[in-house]
Amino acid sequence: MARKDKSTKEPGRLKQMWQVFQMTRRYDNRAVLYIVLGIALPIVAGVLLAVFLSGGNVFTMVLWIVAGVLAGVLIGLIILGRRAERAAYSQIEGQPGAVGAVLRSSLKRSWRGSEMPVAVNGKTQDAVYRATGRGGVVLISEGPQTRTRRMVEEERRKVTRVLPNVPVTTISVGPDADSVPLHKIPRTLAKIKPTLTKAEVLAISNRLQSLENAMPIPKGIDPMKVRAQRAR
């Protein structure tokens with residue numbers, strides 16, 4: 001059997017975390033401050049609790065301090081993960097397909113989305129994406145609202161026509177002042193009030209998927225009235 005090349009060995013967990021930290025620090029100037037505060041504050045709180053609540057018991061003091069250290073490390077890792085995700089999204093924000101990348105990798109289990117848009121403007125690369133969840137159907141436009149408004153309305157009419165009782169929400173991701181930042185898409189979806197059950201979400205997803213896969217019929221032709229041509 002061929003030996004594995006040591007140069008291709010994957011880095012360890014600590015090395016991966018260090019690489020993530022370096023990348024985050026490069027693109028997020030405030031990341032280091034937030035991480036340090038997230039680690040230091042629980043440790044300080046643990047020391048203070050150990051001094052005032054231990055009653056001179058060394059074992060209790062050690063427990064409070066250890067708990068503060070563990071809490072600080074956990075909070076620091078959580079902050080690092082969120083800031084790293086935000087830094088990664090900042091590198092693709094404004095590029096075509098950025099919304100699709102978020103829908104593919106960052107949605108919670110209660111939502112379903114595809115990295116492929118349901119509508120695209122070939123000239124401007126503006127697009128409309130769709131996500132389904134317990135909050136209904138969400139149409140997410142990518143690009144300036146002045147250019148994507150018509151596409152969003154067309155997709156809204158399509159969804160309403162086949163799913164008249166399902167709520168449809170629209171979200172804009174682009175350069176406009178009231179647009180949703182790329183990294184806040186999962187959080188914005190989570191804030192939508194759930195009105196559907198899991199079974200209804202599955203049925204809606206299948207219904208929309210079947211419509212996408214259906215072959216279009218040319219206008220003006222009724223397949224039930226087509227007659228075979230006579231031989232000449």
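How are α2 and α3 oriented to each other, roughly parallel or roughly antiparallel? Keep in mind that this is a predicted model.

Start with a general idea. Two packed helices are described by the angle between their axes and the distance between the axes. Now apply it. Helix α2 covers residues 31-53, and α3 covers 58-92. Their axes come within 8 Å and cross at roughly 165°. Angles over 145 degrees count as roughly antiparallel. The two helices, α2 and α3, are therefore roughly antiparallel to each other. The crossing of α2 past α3 is right-handed.

Next, look at the residues where the two helices meet. From α2, the contact includes Y34, I35, I39, P42 and L53. From α3, it includes M61, W64, I65, L80 and R83. Glycines take part too: G38 and G46 are among those in α2, and G68, G72 and G76 are among those in α3. By class, the contact of α2 with α3 has 18 nonpolar, 5 polar and 1 charged residues.

Helix α3 also leads us to a pocket. The second largest pocket holds about 420 Å³ of space. Its lining is made of 13 residues. Which helix gives the most to that lining? It is α3, with 6 residues. Helix α6, residues 185-190, also supplies at least two.

R82, E85, H183, K184 and R187 are the lining residues nearest to it. Sorted by class, the lining has 7 charged, 4 nonpolar and 2 polar residues.

Definitions and conventions
Residues numbered from 1 in each chain as written. Predicted model: local features only at pLDDT ≥ 70, side-chain atom pairs only at ≥ 80, totals over all residues. Heavy atoms only, no water. 1 Å grid on protein atoms, 1.4 Å probe; cavity = no way out; pocket = protein on both sides within 12 Å on 5 of 7 lines; lining within 4 Å. Points joined across faces, edges and corners; volume = space filled by probe spheres on them. Helix = DSSP H or I, 4+ residues; strand = E, 2+ residues; numbered from the N terminus. Nonpolar A, V, L, I, M, F, W, Y, C, P; charged D, E, K, R; others polar. Axes fitted to C-alpha atoms, helices over the stretch in contact; angles between N-to-C directions. Parallel < 35°, antiparallel > 145°, perpendicular 65-115°, else oblique. Left-handed = near helix turned anticlockwise from the far one by under 90°. Contact = heavy atoms within 4.5 Å.
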